[in-house]
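The points below take the cavities in turn.

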Amino acid sequence: MNTAAAAKATRPSSELESGSTVSHKGRILAWAAWDWGSAAFNAVMTTFVFTVYLTSKEFGGEDQASAVLGAALAVGGLAVALLAPVTGQRSDTGGRRKLWLGVNTAAVALLTGLCFFVFPRPDFLILGVTLIALANVFFEFAGVNYNAMLAQISTPRNIGKVSGFGWGMGYLGGIVALLIVLQLFVQPSVDWFGASTADSLNIRLVAVFSALWFSVFALPVLFAVPELPRAEGRARLGFFASYGLLVRRIKAIYRTSPHTIYFLLASAIFRDGLAAVFTFGGVIAAGTFGFALKDVIFFAIFGNVVAAVGAILGGFFDDRIGPKAVIIASLAGLLLAGTAILVLGDGTYEFLGGSWAGTSTFWTFGLLLCLFVGPAQSSSRAYLARLAPHGESGELFGLYATTGRAVSFLAPALFTLCITVATPFVATGEAQRWGILGIMVVLLAGLLVLLPVKAPDRTLIAVVPAA
């Protein structure tokens, strides 16, 4: 017998290909509602409001507090790197993908709500960054199961659109959440106890609002999308034994589908840069460009509109030209926009007879950053979902989280390092701008590593051993 032909005949299909050929709109909407709700954590807590609060002068100043925040996020990333693939593997095998999505989402909501107790004093900085870092850990765990569900609700013909729709819903949810935060807490339209700025009560109540927002909009997916069936014939493994199986499967993936591993490594690098754009975007707007908190939120609202458009358009092109082309174009756009912000800074320039201020620099090129981040994230998720072997999406997205978090120290560390190196050479408060350089280095490295990786339609589905 021709062994090559036999191998080809027995090669498993992806979870996407072996799933339903018809998408259910209700399930897609319920699934995307989680992304909508998660914006309260992503946009409000970790990007535009609460991390800006944590890096304000009340906590010791922008430069020092930014460095502490970056260090805490790097430690949290290490925890994700060690635990994410095994949690994904065990939810796949045990048929508990939806259960663990719910458990980890609840943990994020709880930790977010506890940020109410972070008072505006330097001695509360460690508590604040610890809660944000822990919430990020559980958010990543939830994201493993959430992303794995993509193959359950989409088809090979529309996976790019569905993934882009999910990201777009997240950005639009961020707009609504930020508008509510702006009108009720930051620049309140009505006089109520939540508008009080005493001990930053209004900002601390934003944490409570975010926790409730995420909790409510995470519920639909837990009711509408069926639980993953438990894998038949697979032995139950202990927690530490799961690592042995993980190692065997990584070796099998590399042997039978090496470009799956190559993509995991490339995406790990550039996704860390993408995460840093969001994590430190609001911090840079406030610390470097002098945006007041309300200005940061106004920018976030417009930025989320642009990002939603970018994600939805990216999903459209994903299904037509493939996810790799979309990612490459997005990373190139990010590098151009980020470099412009770094070079121009907060300076004022004379241009064509007019004056170009630092705020114009951030608004123009910051919005371009928003336009390109969404497609890169969405197509990266859709790329990997196309390569997940049947019943293994959770484990593969666990590896996706792990490889990302294995290098997640890169952007925060380089952001911190560039600030630290620049501090002795620039005026007080200007060192933060140079943190942008660290983020751009990570994005460029990710792009260069991605270039030789094959597109998913030219990559074989991995053959993995059973438990």
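1. α11 contributes 6 residues to the lining of the second largest cavity, the most of any element. Note that the model is a predicted one. The other elements that give two or more residues to this lining are α2, α13 (323-344), α14 and α17 (435-450).

2. The second largest cavity holds about 220 Å³ of space. Its lining is made up of 18 residues, and those nearest the centre are Val277, Gly281, Ile341, Phe362 and Leu369.

3. What classes of residue line the second largest cavity? There are 13 nonpolar and 5 polar residues, and no charged residues.

4. How many cavities of 30 Å³ or more does a search of the whole structure find? The search finds 2. The volume of the largest cavity is about 950 Å³.

5. The lining of the largest cavity consists of 40 residues, with Phe139, Glu140, Trp167, Ala275 and Gln377 the closest to the centre. Two or more lining residues come from each of α2 (25-48), α6 (125-148), α8 (159-186), α11 (258-287), α14 (358-385), α15 (393-406) and α16 (410-422).

6. Sorted by class, the residues lining the largest cavity are 21 nonpolar, 13 polar and 6 charged. For the second largest cavity, the lining has no charged residues.

Conventions
Residues are numbered from 1 along each chain as its sequence is written. This is a predicted model: local features need pLDDT of at least 70, side-chain atom pairs count only at pLDDT 80 or more; totals for chains, interfaces and linings use all residues. Side-chain values use heavy atoms; hydrogens and water are left out. On a 1 Å grid over the protein atoms alone, a cavity is a set of points where a 1.4 Å probe fits but cannot get out, and a pocket is an open set with protein on both sides within 12 Å along at least five of seven lines; lining residues have an atom within 4 Å of a point. Grid points are joined across faces, edges and corners, and a volume is the space filled by probe spheres set on the points. Helices (H or I, at least four residues) and strands (E, at least two) are DSSP runs, numbered from the N terminus. Ala, Val, Leu, Ile, Met, Phe, Trp, Tyr, Cys and Pro count as nonpolar, Asp, Glu, Lys and Arg as charged, and the others, Gly among them, as polar.
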